[in-house]
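Dear colleague,

Please find the structure below. My notes on what was found in it follow directly after.

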Number of protein chains: 2
Amino acid sequence: MAGDGSDQRALQYEQTLMYGRYTQELGVYAKEEAARLRESGQRRSRALDLLEYDKGRCAKCRICTVRCQKFLISRVGEDWIFLILLGLVMALVSWVVDFCIAICLQAQKWMYGGLDSNVFLQYLAWVTYPVVLITFSAGFTQILAPQAVGSGIPEMKTILRGVVLKEYLTFKTFVAKVIGLTCALGSGMPLGKEGPFVHIASLCAALLSKFMSLFGGIYENESRNIEMLAAACAVGVGCCFAAPIGGVLFSIEVTSTFFAVRNYWRGFFAATFSAFIFRVLAVWNRDEETITALFKTRFRLDFPFDLQELPAFAVIGIASGFGGALFVYLNRLIVQFIRKQKTINKFLMKKRLLYPALVTLLISTLTFPPGFGQFMAGKLTQGESLVTLLDNRTWAKQGIAEEFDYIGNAQAWKHPQVNVFVTLVLFIIMKFWMSALATTIPVPCGAFMPVFVIGAAFGRLVGECMAAWFPDGIHSDESIYPIVPGGYAVVGAAALSGAVTHTVSTAVIVFELTGQISHILPVMIAVILANAVAQSLQPSLYDSIIRIKKLPYLPELGWGHHEKYNIRVEDIMVRDVRYITLNCCYRDLHSVLMLGHLKTLALVESAESMILLGSIERAQLQSLLSQQLSRSRRMEYIRERAAAEKKCPSDVSNSDSEDGRQRASQEVRFQISTEESTFSPTRPASQKPLKPALKRPSVMERPTKLPTSPQDHSGIALKSLFCSSPDVEALEKNNNMETPVSPEQRKPSKRVRISVVDDGDVEDDMTLREIAEWEERQLDEQVDFNNCKIDPAPFQLVERTSLHKTHTIFSLLGLDHAYVTSIGRLIGVVSLKELRKAIEGSVTVKGVKVRPPLASFRDSGTSSSETEATELHKLWDRHRNVSLPGEQPTSESDEKSQ
Amino acid sequence: MAGDGSDQRALQYEQTLMYGRYTQELGVYAKEEAARLRESGQRRSRALDLLEYDKGRCAKCRICTVRCQKFLISRVGEDWIFLILLGLVMALVSWVVDFCIAICLQAQKWMYGGLDSNVFLQYLAWVTYPVVLITFSAGFTQILAPQAVGSGIPEMKTILRGVVLKEYLTFKTFVAKVIGLTCALGSGMPLGKEGPFVHIASLCAALLSKFMSLFGGIYENESRNIEMLAAACAVGVGCCFAAPIGGVLFSIEVTSTFFAVRNYWRGFFAATFSAFIFRVLAVWNRDEETITALFKTRFRLDFPFDLQELPAFAVIGIASGFGGALFVYLNRLIVQFIRKQKTINKFLMKKRLLYPALVTLLISTLTFPPGFGQFMAGKLTQGESLVTLLDNRTWAKQGIAEEFDYIGNAQAWKHPQVNVFVTLVLFIIMKFWMSALATTIPVPCGAFMPVFVIGAAFGRLVGECMAAWFPDGIHSDESIYPIVPGGYAVVGAAALSGAVTHTVSTAVIVFELTGQISHILPVMIAVILANAVAQSLQPSLYDSIIRIKKLPYLPELGWGHHEKYNIRVEDIMVRDVRYITLNCCYRDLHSVLMLGHLKTLALVESAESMILLGSIERAQLQSLLSQQLSRSRRMEYIRERAAAEKKCPSDVSNSDSEDGRQRASQEVRFQISTEESTFSPTRPASQKPLKPALKRPSVMERPTKLPTSPQDHSGIALKSLFCSSPDVEALEKNNNMETPVSPEQRKPSKRVRISVVDDGDVEDDMTLREIAEWEERQLDEQVDFNNCKIDPAPFQLVERTSLHKTHTIFSLLGLDHAYVTSIGRLIGVVSLKELRKAIEGSVTVKGVKVRPPLASFRDSGTSSSETEATELHKLWDRHRNVSLPGEQPTSESDEKSQ
């Protein structure tokens, strides 16, 4: 449904598929889990037995330890332990990463400083170092886990919406992300660590969850996992900036649409603990004397700013809004440009590491301190420039650079010939496009910190201008309060980062980063203005990436678009719903499956009543069909026939049975049938899932329990169906229902045929024609839904539900689609796609495009109640007439429902 | 359903009634609105006509102005204007209230100071002043709007959950709350303004919404109103403390269960604007030089605290947790004590103002500065004590009070004989019970600020102890950093207020209040620990009040109760569902309505299929029934009979028609039937709704459109039904469907009988027996659901939905109940009550009580899929057999569904 891009095929919408599904599945899930636990328990006890057998006493000790551990963990309350462990681990990771980055940057400086005799060598060192690091990072990530590329916040937003992204939370990705990020940031490129840390924290949480589940408990619960992931996102931001409150708020704003307040404490608890440990490590390492902010400022407390300076802050906010939108646009433009230019694209696809190297070369060349870098403080690292920008001294008292008391790193901003204003302007412009470009490199990297620094520089620029214009401050009273450009830098940083990410909580992050909250009102005003401007121009950076990556998403409702209250579900729903009836035969199933690629199909009572009973997943139906036409059933049929023939051998003797004597071997039959199918090239893909079954002996012991795998049926009628179906993954999942397999294990295998082993005493002696006929007969049988997972309560809307409400419900419950019913009758379906279209249509064309022709007729008279009445009448009449047709063409009922 | 207390009867659960209801009702609502708008448009245009007629040119100008205004408002984007107006108004209100309170407090001080010659006169002045103010406040609120009493946060929480509390957001309440609050706080009692300000802001928003709706637009939309109320709550806290961020977060934590992130900006925008104006007013009034924090602190920035002080902060947190729980407990205990003691209660009910006066007398006597007040800084107001407590000087260097450099207000803490520690301890203990007692006074008041001050005092106490123990600070390095007790006060204030309210965002409020964020980690640690302790002991103060006031609520799931993941809906659902079938007759309707008092009834296809088609409100069914037995239908019958008699006068002539000649007049019939009914005393109540109909001529013009009112039917069979039904309100609402009436208009009227006017040419000449027989015949007819509002998509769960998920869904969607279905079949219903029972059972008894016997059988085998299968079979069989019974006893199907 939401899958209209080829990239999306790989995604499994396990969660979003249905609202009701997981409620139903819980039971199945519980059973599976029970089976799995039992099994693993057996395995473990077997392992323990082995241990005991092998090592005697030592094993007993171990068992005892394990039991004690189990007891402890089950007692203390796992949430606490989990959150503390998560915080601890993430603080350590953050600190170690920071430490490594600092060493990397120091090494570069040392090299650069050591080679000051020769400018060319200096340049070479300055350029080669980041190129090597970035290339390594890109290559390493590419090889180990391509999922680790980029920020991670867009993906986490998608995951928290309920979509399962494959391979996204594995240990490999964790390693790739941490090492890749360290190298990328160590290169000194304008990249950030915030986004990746959100991802790393989520990885950590997922891995920790897996680890803790070894000791039993509730770690398998899916809704709990989502809660924990939400907390992990908060930890990620929190330990990155030592900003627990801002971290929680930022992660909420960035990843959630609706937030459960009861999960608040998790985020705060873990983020606080993490930030605490992170800063304690700094104290322990003697970097700091005590726990303080990361980028501590020392603005005066008594008179932080004058009321008359507020217009300047407002200007910063509005300009940042435009700047933020421009940044998002630029970033998307670069990505799309590279994608569209096919020649470039082809070349880059071949030499994947060339693009990162080239970009790094360009950027590092431009920042080379003796070169152009001297005009833009090129020798400062990101952190250093931020510290200098937030300094509370004024650089340019009267606009003359000479008066400015340069100390330490601040000297980098001084240039003998060039004004400090020019330096700042150049810094802003160069860093702006550099950051937009650098964040497109396929390494783990975020854009928050670069944007933050650019914003600080912009604020500083405005502040310095103000300080130059009003050298004695604006305040008219007796005491002179000079203007503090550092305060403007704080405001600018918060505003620009807020504009790019569409969040308000950057304000809080800025307070926690600087350790001062005195500028709260200017910051808040600027951030809100920046958000207002940016949100009306562009999506947030993360939403932009989500769209670029074609992840499933639901756009936000814009600000004050009241036409949303007027659009109804009936205007956007798809009226031609694919459904199956309770008394349908397998042939109907087959044709419905052939027609569309919907992930789920509605189950109605009958084609004329159209009463919605539930919904069934496509995969379920496919397995039903394949079971019906399975080889084992056919074998059974042959066996029965043989038995019947034995009883009266001369009785049944037609041409079919004669053909049957030809004894086509199974291999041959396979070949023939494959040749008949026009979709044969995709066959190998559907042979994947059997490998795990071969690997695990426990599964082989109960072959009867397993639902028949697609290899098993190989019916002629099914061929085209399975081969044309894009979601082989879903099928696999279904077939492996009783043997949960980790994704790593699912690799193509050549040993598939081994599984189609002997299954009885009789031989498959049917000819193709016989098989075809047998299958035709099978298709005419009525479907037996007994072994089928039916979602008995799919989410239902009514025609009059407003778009606004629908959006709320979809984002609240993470729905993928919902059925539209009218007094029990299925009349339509709304999926994420329709909703997205409706919202985006109205957002771009301001309510013109989205209002469909039907909407205009709505207010004329009491049409809806009439239709309801007629529908009721239909139901009623049916009751009176007691007429139940056996087989009614589906097209007719489609017309009816329209 | 949720109405099990008599207090609750008055509440109309318009929102919570049904999930699906409002979706359905949207259509009806839109129609109503359209009618209303048309009508008001007519009225307005008529008014304009009149104006034009009367005044000529001036009126034209006016029309022009109105149109310009309309255009402007429709263009600029109403949300912005609304939020800015709200912020502005609230800032003004907050400032004016603060100003008046300051004047009141000054007046008290002036009186007290002026009378220093005579201690008795001083005492009289000190005591009389608050007693008079509090008594006035209590009396004024009682007379004008009793809804204004108390904090307002519990009620707002209930309203934001979707419950409509009557008269809660009216102008009267606004006036009562503002004036009552000003007087109450002006008395100097330990009361706060935070809670009431949340209520005032919501009132403001509601009134502003009404005002703005005069100009058209989307102000009538219900979901928009909820969004605006959420923003208003943020504004309330924000403008009270000049804390925009903390305000937003606090209001979210306190009022919401799930928060829409897209509403974030509204709160931030309005709260920032409000806080800004609030502080600008202070600057404008020359109270401040520029915009700064309310209770500015000046702690050193370089070394705010030592790492080794953290255990002390943790101790503050844990102790505050216990303290907070104790406060909530004490508060509830006082209320319950007064309620239980019947003699006290009776006495107090008579003399309502005595209780406030007595409490005030007690508290003000104890704080009398020359009396006991000297040991507890009694002469300081709340704000003054907070300022002194947050001071960054140390009061007791070596534990000796003499060394402490007392300046200004801080002198109040010095006592010549008594140690400062003793003063602090006395202050804490006395203020603790005083605050708990004072917040039970029936005046508009909050408990946040008193608790905040107590927390600050407790923190200060710990800090002073630490300073006494470590006079040179703990830090072992060369530089000496003495301990800052003011920092401890900040931590204590945040921790205790966090514990009482169960929020983490008090930390943010504290930063914004003090203007310093340097103590972020200690504050966060203390707040989290305090929350952990308090939440495991007691509900939050607001939840406690919700329970005391018996408002509908859904308890939160506790921390880490994983048994919630194991309880299923099937364990808690009610299996004996009241339902009506599509083909039922009016008699069934009657009996179902007689049986229970459920607000809504399920509509199933038939008693044997039990396929859920939708749900119908009780009121709808009642009106159906009353319509069927209405006088007008009877008149029609009489008319038809008369016509038939005219045609063949000798044909039909039985004893009934003879009795019919007796010609009982209508009045007589009314009397008799009333005497027959045993529930007659409640009759007058159901006569309310007709007054508006009489008032408005436009309604009278179309009497045929109106559904028949309860007066109109007055059938014998209905008598008992309507009189025994407690929700006359709902019925009224239903009957006034097309004429929305503001609650003020709904007052008992004596002119009711006029409405039962002549409705034809024939006279009601039926005898009682005839009527009874006629009604019997009517009851046997099948129900015609055509004119009935059916909710076609009531919320459905399945048996296996976990309690955790159910809780989430209920609180997400604000449900009141949900049906449990199994493949379309209705098998049970879960209401808020069951859910509450299940959660509270498990919370108190730790999972023992709640797990019902059925739950233990769940894991044994695949029982559920079997039942599903059998149910499917049933459906299927039904399809095959094509057997549709006309009338099956309902009891049988009940058994089946169990």
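Two strands are said to pair if DSSP finds at least two bridges between them; helices (H or I, at least four residues) and strands (E, at least two) are DSSP runs, numbered from the N terminus. This is a predicted model, in which local features need pLDDT of at least 70 and side-chain atom pairs count only at pLDDT 80 or more, while totals for chains, interfaces and linings use all residues. Residues are numbered from 1 along each chain as its sequence is written, chains are lettered from A and ligands numbered from 1 in the order in which they are written, and side-chain values use heavy atoms, with hydrogens and water left out.

Sheet. In chain A, an open sheet of three strands has the order β6-β7-β8, with mixed pairing. Its edge strands, β6 (796-797) and β8 (825-831), each pair on one side only. β6(A) runs parallel to β7 (residues 817-822) of chain A, and two bridges join them. Opposite Q796(A) stands Y819(A) of β7(A).

Surface patches. Patches are made of residues with over 30% relative accessible area and no salt bridge; like charges are joined within 9 Å, and nonpolar side chains (Val, Leu, Ile, Met, Phe, Trp, Tyr) within 5 Å. Accessible areas come from the Shrake-Rupley method with a 1.4 Å probe, and for residues only the protein chains shown count as cover. A salt bridge is a side-chain nitrogen of Lys or Arg within 4 Å of a carboxyl oxygen of Asp or Glu.

F347(A), L354(A), L358(A) and L361(A) make a nonpolar patch of about 330 Å². α13(A) gives the most to this patch, with three residues.

Kind regards
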